[in-house]
Structures are given as structure tokens and as C-alpha cells.
Amino acid sequence: MNRLTDEELAHALDLAKRSDSVELKLTVPASDHRDAIRVLGLDPLEAQIRQVFFFDTPELDLNRAGVVARARRIQGRPGDTAVKLRPVDPDLLPGHLRGSPNVTVEVDAMPGGYVCSASLKARAGAAAIQAVALGKGRTRKLFSKEQRTFFAEHAPDGLAIDELAVLGPIFVLKQNFTPRELKRRVVAELWLYPDSSRILELSTKCTAADAFQVAAESRMYLAEKGVSLDGRQETKTKAALTYFSKQLRAAASS
């Protein structure tokens, strides 16, 4: 957050105060993955395995409209789906949506950037998600009526949810840990892409009131551990959509 201008920082804090939570994120440079995993005491055998699927057109029309649709299969628990809209102004969301227990409005902040999003979630069975991924089920069946309405309100005109292609899966290893020095939960996610590239993201959630303190304490903790804070920041979703979009378009032109 120290790379934001004063105006950007003020805007980010204003959005955070009107949101449900803040998530501070850091992408660790690929060259530092092994050392970061070691110094943070992460154990791959303790990680939860996930499969993440996105839904969009090969040209990413949905993403360009600021909408993300995704499904997750999660080891040892039910899967889920989400329809996310970003960027949003919390005060401009309809009252029925803002008050829904299934909606979370959150500011994601990372070095040099931030975005406020509204995410509408629902549960989905792992088998149902797998069936859609294999072309044996209808995509719309994975999403709740509330999600389908939200999708229709914000997706490009004429784009039906069943017309979206499956982009994925991405294999993810997720581990929660609570460093003694921080005394707060940190989440490590390693996203493994089919081309052997990886994104390692560290994140922690907090309130707007605590954001500055948590950011400073987290930065100090990571710096003391030797984790680089200056790497190029990548978003997991953007990397996944870009990769699979290229694959779909290449297959269509061959």
C-alpha cells in the first residue's frame, strides 16, 4: 500500500470503510517460492487440495464486463460457486443485494493496487462441478437463482450462462497458518498452472480500522523472514483466464 499515491490511498480507505472486510495480498516472486515455503514453515502435506474452474467466453467477454464466474471443488468439504463483480462502489449496490447473507463486499489490497468487489456465493457439489467440466451437465445448474439473476444483471447483453466455456481446472494447494510473531491467520495459496508456472500468494483479512497496522506488521514479519516484498504482483484469476483463453482460441483456430 506504500506505493499508492495519497489520493489512491484515501480512496482505498474510503472503500474499505464501506465494505465488509479488507484482504491484504502479496504475490511472492517465482524465484523465491522454495525459500518462502521453507522460512514460513509451510508443509505441502498439510495443504488442502482444490480445483478451480472459471467460466467465460474464449475472448473473455465476461471478464471485460467486470464479471467473474467460478466454481471450486474442495478436498474434504462441499464445493462452492461464486459470481463476482468488480470494481464496485458499496453504496451503489442494490439494497436487497447488499443485505444478502450470501454477498461479501471486500477490498483486495496489494503493493501498488487495490480493487473493491462484490461476491455472491453458493454451495455446489463436487460431483456436479466435475460433470459440468466434463461436458455432462448444464453450467447454470451449478449456480443458485440469486446468482443467475446477479449474472444476468451484469453480464454482456445476450450472453447466457450456459454459453460460457469452462476454463480450467487450476490445481491449488491452500494452507492456513498463524505465525507466532503476527498472532493472526495467514493464508498461503499455491496455484499450479498447466504450463508449469506457479503463483504463490500470501494473504490475511482484517477490518478497515486495522488495515494500516496489519499491513505494517505483516510487512515487517515477511521482511524479517526474507520474503521479497518487491516482486511483480499478479492476480490468480487474471493469470488463469489469460492462460485458458489462449488455449481455447488456439484450439478453435486449428
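A nonpolar core is a set of buried Ala, Val, Leu, Ile, Met, Phe, Trp, Tyr and Cys residues joined through side-chain atoms within 4.5 Å. The model here is predicted.

**Cores.** The largest nonpolar core has 36 residues. F55, L62, F143, F151 and L164 have the most contacts inside it. Leaving aside residues up to four places away in sequence, L164 touches F55, D56, T57, L62, F151 and L159. Another core lies apart from the largest one and has 16 residues. Its members include L26, L182, L190 and L229.

**Salt bridges.** Side chains of opposite charge can pair when their charged atoms come close. The whole structure holds 16 salt bridges. Three of these pairs are listed below.

| Pair | Closest N and O atoms |
|---|---|
| D20 and R98 | 3.2 Å |
| E181 and R180 | 3.9 Å |
| K225 and E181 | 3.8 Å |

D20 is partly exposed, at 42% relative accessibility. R98 is partly exposed at 25%.

E181 pairs with R180 and with K225. The pair of K225 and E181 links distant parts of the chain, 44 residues apart. K225 belongs to helix α7 (residues 211-225), while E181 is in the loop between β7 (165-177) and β8 (186-192). E181 has 40% relative accessibility and counts as partly exposed. K225, at 30%, is partly exposed. R180 counts as exposed, at 64% relative accessibility.

Salt bridges also link D14, R18, D89 and D91 in a network.

Key
Residues numbered from 1 in each chain as written. Predicted model: local features only at pLDDT ≥ 70, side-chain atom pairs only at ≥ 80, totals over all residues. Heavy atoms only, no water. Buried < 20%, exposed > 50% of the residue type's maximum accessible area, 1.4 Å probe, protein only. Contact = heavy atoms within 4.5 Å. Salt bridge = Lys/Arg side-chain N within 4 Å of Asp/Glu carboxyl O. Helix = DSSP H or I, 4+ residues; strand = E, 2+ residues; numbered from the N terminus.
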